[in-house]
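Trainee: I would like to learn how to read the features of a model like this one. Could we go through them one at a time?

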Amino acid sequence: MLLLRGCVAALLLGFVPGWMLERAWFGATAPLAGLERLVLRVVTSMLLVGWIAFVLAECGIFSLWMLGGSVLLLCAGCALAARRHGWVLASAKRWSRSDWLLLLIGLGFALLVARPFEVIRGGLDAGVYVLTGFAIAHTGGIVQYDPLVADIGRRADQGDLDARRVRNQLFIGGNSSRFIATKQRVQGFQIITDDVARGRIVPQFFHLWPTWIAIFTVAGTPYTGLLATGVLATLGVLLLGLLGRRLVGPTVGVVAAAFLALSTPQVWFGRMPTSEALAQALTLAGLWSFTCFAAEPRGRHGRWWGWFTGVALGELALTRIDPFFVIGPVILLLLYIAFTRRWTTGYTALAATLGVLLLHTVLHTLVIARAYFFDTAFARLQDYALTAYASLPFLTKEIVQEYYDRKGSRLGHPLRLAEEIAVLLGAILLAAALRRRPALLGRVEAWVQHWQRPLLAAWVVGLGLMAAYAYLVRPHILTTALLRAPFTTENWLRLQGYTGAPIAVPPGYATSSVVGLAQANLVRIGWYLSPLGMVLAVWGAVRWWWRGLDRCSWLLLVTAALYTIFFVRLSYGTSEQTYIYILRRDVPVVFPGFMLAIAYGLFGSGWRPVVWRRMRPVAVGLALLLLIFFAWTGRSVYAHTEYAGSFPQFAALAEHLRPQDVLLVRVAHEDRDLSDIPAAPLTYLYDRNALTWKGTNAGSYGPAMAGQVTRWQAEGRAVYLLLGANSGELNLPGWGVQPVTDWSWRFAEYEQPRDHKPSAAAAPQTLTMRLYRIVPQAQAELPTHITPLDTAWQRNGMYRAELGEGEPVAWTGGSAEVELPHAVDDGQLVLDLASGPRPVALGSARVCTFVAPDRSSATDPAWQALGCQQVGHERQSLHWQVPPTLANQGWLIRIDTTPPWVPKDTQPDPGTPRSIDQRSLGVRFYAAARLP
């Protein structure tokens, strides 16, 4: 039944609307044939269905039945319009050889991306996209309303101090002078301060991409929702092939599609559920349709391709916050055509559809995505007085004040505003003059045409020099010493920076500036193209600009150049982000553009027949060599599935909770964002009430949280705690805990370095947490023996448990605190510890132990020293007699290790690889026991 529903939905939503609209517009005579005709129908369906679903989700009425009904109404209207053309199909042309080759490449790529990355965890951008899609599928709307949030927010607004404390602990967000969304339900699910009392939650980002995940989800299951990424990435591969074939020829199209299909970034982002796959498909669809439009901008064909281009690029604006390098040149083209009075109905269709969707983007931004847009563009909006003043009505009072008080503010300076207004008025007057006197532009055209070759030569030379600078000079890999002796050990290793090895810090650069300098250059793109591919790409781009610039290809060339120059020079967040993930900004345009440029450089037109007969074997050989490079270097990515097996592991946790129950998730000290990992999917995939308790000094907020627990219990809700390492500082007066189950999420991530190319999956990791039920204090369990899994009794200084040795073990930091709450008359403390795999040069670990009364004591415990002992490599039991003054009460135990060590910064033993672990480690903790 599920398979049947999926097939029907795929046909109804993915093919029929485009077919019906094509028939209604053209009748039996289709504008294209073969694979192009098939892709035209699929992409047309995608554009229509995606926008309809998006509008339904904005209105909060999205469902499979609403979407299917809307599409059927559209198809019925198209059928009525098509009746006047008749239903006799024109004879279709046979598929060409390149059609079959492109289809084969597309099918091969579809197999590579058939296993999507299971990024259903919280705390990542990809997870926010996916869980937003699941939430849309479940609730029908982009905006989510949470009654738990609303209840706490209402009471806080009414002056309930405890409710305010609970709100500030559970919905931590950003600074009110910087962010509109000052609260978060979980990371990425934002709450504007005034909306807490309404329980109104808006997921981060623009929302066309999550809507596509919702479409695939309601057509099947949440897992099929993840398949949306691969389907759209496959469309991107096919569209690139069709674009190259239409602009240059079949060989260039097929080769470029093959290059892209095997490239590591394309496969990675064809499986990673971020918006890049949709952005790439929309961009290439717009560029492909523009080539058809530019060839014939008049008549029915012109109007068809005009609206097609406008819709594709307009939906790109609904997908990403940075579509200006594609849309900007098109808007300038429309202005130029208007000024020169060359307007046709095709341009009307292009301008109308693009304008409507850009207006839709503005309305969506102001009504739904306001916090995301203005928080993301916070700095850029203040670059100009006009944009800063225009933003003020949509900002909070605190942010408006920050706009005025910020150093270098453009506000409050009438002269600056007058200058910008004068420039704007000057541009408007110039536009009016050009409109009234098109002869002025005619003279400019004549001048450009007269100097066309010198101007183009200057641009081509400049483009080549910029590429040489970005690839050879800026990264500081090539130095004078290296050029003198490239094959010495040190220089040879440095030279390998072009293949993905770490790039050494250039002398005279601060570390922070080097990180940005090293990551924002062509070398990092070249890791995935090879130095040979980079040379061929630059050669092909320069050659294409010189020989192939025309009215059909100019938009592709301009867009690719602008995107590449901008993102090579300025990569956002380069000092914090890791590879492969940071390459997401290059996926929509840069990598497809490079693949086309390489293919053009190898097989582009313009060679003399005699020369080409000699060059063709070389070109074929180089193409095969690059294909082997892409396949060989990408094989580990092909075989890897990020977070494989996440669905059943999170589902197992959800089964312990009823829909009305409340779960508080906390992972303190080590990385508090780990709390979002289970809380987000439990909330937006499994419909559980999971809240993250992220606030610091959680113990001091105990009375307020205890009151909230009492309120929830009175409503018939069981309340649970899911605690990770170091979460034992919680203090809920009158309440205790009972262990329910241990939960672990075992996952595999690909390497995530910042300074070199990743090449393999990292060792599998495990996030371990324990689920407790909150019960009255009299029913609580007080252990006399704790292990690394007893997270309710870890105060601080403990890393999460590791399960790889048959029993749980956890590293301590330099100082760690655990609690033994059960009281006996007198007792002996036993600690099971080991120094672990410390390098021999560090010597053995020395452990000093202290004890104090348990959590009922003062904030600053009265520590009593028990003594110090050496700890060996293997597990051993250390015994201490506790002073009689601590009898009949719980114990707080502190374990200090000297010296602690950081594996990444410590020279390993000979023959042992250097670790990448950046933690400060003490000893390995196995157990603590209290013996009477």
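Mentor: Let us begin with the elements: helices (H or I, at least four residues) and strands (E, at least two) are DSSP runs, numbered from the N terminus. This is a predicted model, in which local features need pLDDT of at least 70 and side-chain atom pairs count only at pLDDT 80 or more, while totals for chains, interfaces and linings use all residues. Residues are numbered from 1 along each chain as its sequence is written, and side-chain values use heavy atoms, with hydrogens and water left out.

Trainee: In which helix is the place of Arg-436?

Mentor: Arg-436 lies in helix 20, which covers residues 414-436.

Trainee: Is Arg-436 buried or exposed?

Mentor: Buried means under 20% relative accessible area, exposed over 50%, and partly exposed in between, with a 1.4 Å probe and protein chains only. Arg-436 counts as exposed because its relative accessibility is 70%.

Trainee: Which residues form a nonpolar patch on the surface?

Mentor: Leu-359, Val-362, Leu-363, Leu-366 and Val-367 form one, with about 430 Å² of accessible area together. One of them, Leu-363, belongs to helix 16 (residues 345-367), and Leu-363 is partly exposed because its relative accessible area is 47%.

Trainee: How many salt bridges does the count come to?

Mentor: A salt bridge is a side-chain nitrogen of Lys or Arg within 4 Å of a carboxyl oxygen of Asp or Glu, and by this rule the count comes to 29 salt bridges. In one of these, the side chains of Arg-41 and Glu-22 meet at 2.7 Å, N to O. That pair links distant parts of the chain, with Arg-41 in helix 3 (residues 34-59) and Glu-22 in helix 2 (residues 16-26), 19 residues apart.

Trainee: What distance separates the closest N and O atoms of Asp-383 and Arg-380?

Mentor: In that salt bridge they are 2.8 Å apart. Asp-383 is partly exposed because its relative accessibility is 26%, whereas Arg-380, at 53%, counts as exposed.

Trainee: How many aromatic pairs are there?

Mentor: A pair of aromatic rings is described by the distance of the centres and the angle of the planes. Rings of Phe, Tyr and Trp (its six-membered ring) pair if their centres lie within 6.5 Å; planes under 30 degrees apart count as stacked, over 60 as edge-to-face and the rest as tilted. By this rule the count comes to 40 aromatic pairs. Trp-343 and Tyr-347 form a tilted one, 5.8 Å centre to centre with 45° between the planes. Trp-745 and Phe-747, by contrast, are stacked, with 4.2 Å centre to centre and 25° between the planes.

Definitions and conventions
Patch = residues over 30% accessible without salt bridge, like charges linked within 9 Å, V, L, I, M, F, W, Y side chains within 5 Å. Areas by Shrake-Rupley, 256 points an atom, 1.4 Å probe, with all protein chains shown as cover.
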